[in-house]
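Dear colleague,

Please find below the structure that I am handing over to you. My notes on it follow directly after.

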Amino acid sequence: LPPRTPVRLTLWSSLDAGTFPGPPPPTWQTFEVPLVAFKEVEPLWSPRDLQEVRFRFDRTPRGGLLVDQVGFRP
């Protein structure tokens with residue numbers, strides 16, 4: 001996943017710093033991974049073979065993560 005997009009909550013960044021001390025609040029982002037991407041890596045793979053989905057976030061410094069509405073669509 002790409003790094004979180006910096007967010008400015010007011011017109012002036014100096015006002016953000018005074019109004020919202022500490023780290024910026026979370027911002028929701030949508031990520032879609034087409035299943036065809038898996039087939040490109042492994043041609044014999046079929047979506048019908050999918051039994052489990054795991055998320056592993058171990059390539060960036062420790063931090064927080066909010067995950068919501070994970071699903072599949074045709």
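Helices, taken as DSSP runs of H or I with at least four residues, are numbered from the N terminus, and Val-70 lies in the segment after α2. Please bear in mind that this is a predicted model.

**Overall picture**

The protein contains 2 helices and 0 strands. Of its 74 residues, 3% count as buried. Among contacts between residues at least 6 apart in sequence, 30% join residues at least 24 apart.

**The nonpolar patch**

Which residues make up the nonpolar surface patch of about 790 Å²? The patch is formed by Leu-50, Val-53, Phe-55, Phe-57, Leu-65, Val-67, Val-70 and Phe-72. Leu-65 is located in the segment after α2, a helix that spans 36-41. With a relative accessibility of 48%, Leu-65 counts as partly exposed. Val-70 also belongs to the segment after α2, and its relative accessible area of 53% makes it exposed, because the cut-off for exposed is over 50%. Between Val-70 and Val-53 there are 10.0 Å from C-alpha to C-alpha, at a sequence separation of 17 residues.

**Aromatic pairs**

The structure holds 2 aromatic pairs. In one of them, the rings of Phe-38 and Trp-45 have centres 5.7 Å apart and planes at 45°, so this pair is tilted. Phe-38 is partly exposed at 43% relative accessibility, whereas Trp-45 counts as buried at 18%. The value for Trp-45 qualifies because buried means under 20% relative accessible area.

The rings of Phe-55 and Phe-57 also form a pair, with centres 6.3 Å apart and planes at 5°, so the pair is stacked. The angle decides this, because planes under 30 degrees apart count as stacked. Phe-55 is exposed at 51% relative accessibility, while Phe-57 is partly exposed at 45%. Both Phe-55 and Phe-57 are members of the nonpolar patch described above.

**Salt bridges**

How many salt bridges does the count come to? The count comes to 2. One joins the side chains of Arg-54 and Glu-52, at 3.3 Å from N to O. Arg-54 and Glu-52 are both exposed. Asp-58 forms a salt bridge with Arg-56, and the closest N and O atoms of this pair are 3.2 Å apart. Here Asp-58 is partly exposed, with a relative accessible area of 46%, and Arg-56 is exposed, with a relative accessible area of 66%.

**A backbone detail**

One residue deserves a separate mention. Gln-69 has a positive phi of about 55°, although this residue is not a glycine. Gln-69 is found in the segment after α2, and it is exposed, with a relative accessible area of 73%.

**Summary**

In brief, the predicted model has 2 helices and 0 strands, with 3% of its residues counted as buried. The segment after α2 includes Leu-65, Gln-69 and Val-70. The side-chain features are a nonpolar patch of about 790 Å², 2 aromatic pairs and 2 salt bridges.

With kind regards

How values were computed:
Residues are numbered from 1 along each chain as its sequence is written. This is a predicted model: local features need pLDDT of at least 70, side-chain atom pairs count only at pLDDT 80 or more; totals for chains, interfaces and linings use all residues. Side-chain values use heavy atoms; hydrogens and water are left out. A salt bridge is a side-chain nitrogen of Lys or Arg within 4 Å of a carboxyl oxygen of Asp or Glu. Buried means under 20% relative accessible area, exposed over 50%, partly exposed in between (1.4 Å probe, protein chains only). Contact means heavy atoms within 4.5 Å. Patches are made of residues with over 30% relative accessible area and no salt bridge: like charges are joined within 9 Å, nonpolar side chains (Val, Leu, Ile, Met, Phe, Trp, Tyr) within 5 Å. Accessible areas come from the Shrake-Rupley method with a 1.4 Å probe; for residues, only the protein chains shown count as cover. Rings of Phe, Tyr and Trp (its six-membered ring) pair if their centres lie within 6.5 Å; planes under 30 degrees apart count as stacked, over 60 as edge-to-face and the rest as tilted.
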